[in-house]
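The notes follow the order in which I checked things.

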Amino acid sequence: MPPRSRRQRSTAVRVAKWALAGVLATQVAVAATLMGINRWRRRVRPQRGVFPRTPAEGLPVGDNEAMVYTYGVDLYDDMLAAIRGARHRVLFESYIIKDDRVGHEFKRALIDAAERGVEVYVIYDGFANLVVPRSFFDFPASVHVLRYPAFRPGVLLFNIRKSGRDHRKILTVDGEVGFVGGYNVGLMYATEWRDTHLKVTGPAVWELENAFVDFWNMNRAAERPELDNLGDAEWDARFRVHRNVPELIIYPIRAMFLEAIDRAKERILITQAYFIPDRELVNALVTAAQRGVDVNVLVPERSNHIIADWLARGQYSHLLDGGVRLWLYQDAMVHAKTATVDGRWSTIGTANMDRLSLTGNYEINAEIFDEGVAKHLETVFDNDLSNARELTVSEWAGRPVAAKFSEIVLAPWRGIL
Ligand SMILES: O=P(O)(O)OC[C@H](O)CO
């Protein structure tokens with residue numbers, strides 16, 4: 001190579017490096033500014049954490065009964081009652097368990113169950129609970145505990161099987177009752193966050209048990225017992241459970257969403273805590289809106305993760321211009337991960353509509369083909385709208401230039417979070 005073109009190439013490489021460093025520095029500066037503003041705003045104008053609730057009611061789904069919770073106190077009361085009434089086996093898995101009054105109530109109930117001879121298995125995520133003192137997770141030997149590791153060395157070798165958090169929230173008792181949904185365990189979630197969880201009784205509990213058992217057996221320490229499945233799978237198409245399992249490189253929840261949106265004819269109602277859909281999901285929603293489907297997405301106006309909010313905002317123009325209606329939940333965090341289509345299909349689960357959940361973490365979503373459950377979720381959605389405001393195309397177009405700049409600068413992070 002002649003000396004001049006070698007010089008040109010090294011200049012180009014230097015310019016590219018500086019440009020990249022400049023972009024990264026700008027992203028960090030924008031993110032730090034947003035976090036600073038958020039911290040200040042939370043101090044001067046804290047969220048009231050008051051929101052409408054929709055009473056839970058028993059809804060038949062084939063041979064099962066489903067119940068939808070929208071208030072943490074009600075949910076935790078029923079979960080604790082189930083653990084306290086356990087006779088044979090409790091399987092409890094939570095992404096976050098706080099070291100507070102509610103966390104201790106669960107811990108006590110689990111220990112008491114083990115002490116009266118019930119088999120008790122507990123799984124929690126090591127990374128999500130790094131801020132919780134390790135001593136909180138000291139259980140007597142009678143409780144079998146699996147801490148999903150905060151770090152798995154395989155990720156350093158880009159081994160996708162070793163990636164992802166255990167983001168699931170499952171409780172099953174005696175194979176008779178099961179819970180799944182958005183609620184972690186903690187005092188703040190009990191009263192201040194609007195979330196959605198599902199209780200199911202009947203043969204479909206097997207689905208949740210099976211999900212727990214597979215995870216336990218895949219990740220248990222050698223000295224911990226292997227779990228047998230109790231009962232048989234029902235193959236009931238009305239109530240299915242989908243699991244993202246990075247270890248097996250399967251992520252069916254994203255496909256479930258795409259399939260349901262693709263089939264929609266009348267209406268789609270989605271509630272999401274962190275709404276950062278990928279290109280295909282955005283296109284599916286816009287395509288549905290353009291074929292006349294009434295597409296509605298409810299998100300918190302201010303979530304607990306300001307950067308997630310701003311990554312979500314980066315998609316709003318495309319969605320609003322495409323005819324999707326966006327609703328911003330007021331004065332409280334809405335943490336639900338639900339959707340319903342055409343009054344007949346519903347999902348309630350742990351997966352956020354973002355990259356981390358849909359192609360990253362261990363997740364679990366119930367998919368329910370039932371008009372009663374869908375109708376109930378539509379009522380929940382309507383109640384939530386009484387505490388939300390619609391973001392209009394004109395309001396959005398008139399946002400400050402600094403906001404538009406921040407959205408553009410942070411856009412590349414959507415592929416990570
Ligand atoms: O990861 P999620 O959806 O369970 O949400 C957890 C909260 O963001 C805790 O900060």
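**Ligand contacts**

I began with the ligand in this predicted model, and found a polar side-chain atom of H335 at 2.6 Å from an oxygen atom of the ligand. I then looked up K337, where an N or O atom of the side chain is 2.9 Å from a ligand oxygen, and N352, whose side chain places an N or O atom 3.2 Å from an oxygen atom of the ligand. I noted next that the ligand on its own has 300 Å² of accessible area, of which the protein covers 85%.

Which residues surround the ligand? I listed Y95, I96, H167, K169, N184, Y274, N304, H305, H335, K337 and N352. By class, I recorded this shell as 3 nonpolar, 6 polar and 2 charged residues.

**Cavities**

I went on to the cavities and noted 4 of 30 Å³ or more in the structure. For the largest cavity I wrote down a volume of about 60 Å³, and I looked up its lining, which consists of R194, L269, I270, T271, T338, A339, T340, L377, V380, F381 and D384.

**Confidence**

How does the prediction score, and what are its ipTM and pTM? I noted an ipTM of 0.96 and a pTM of 0.94 for the model.

Technical notes: Residues numbered from 1 in each chain as written. Predicted model: local features only at pLDDT ≥ 70, side-chain atom pairs only at ≥ 80, totals over all residues. Heavy atoms only, no water. Near = heavy atom within 4 Å. Polar contact = N/O pair within 3.5 Å; in protein donor to acceptor, adjacent residues only side chain to side chain. Areas by Shrake-Rupley, 256 points an atom, 1.4 Å probe, with all protein chains shown as cover. Nonpolar A, V, L, I, M, F, W, Y, C, P; charged D, E, K, R; others polar. 1 Å grid on protein atoms, 1.4 Å probe; cavity = no way out; pocket = protein on both sides within 12 Å on 5 of 7 lines; lining within 4 Å. Points joined across faces, edges and corners; volume = space filled by probe spheres on them.
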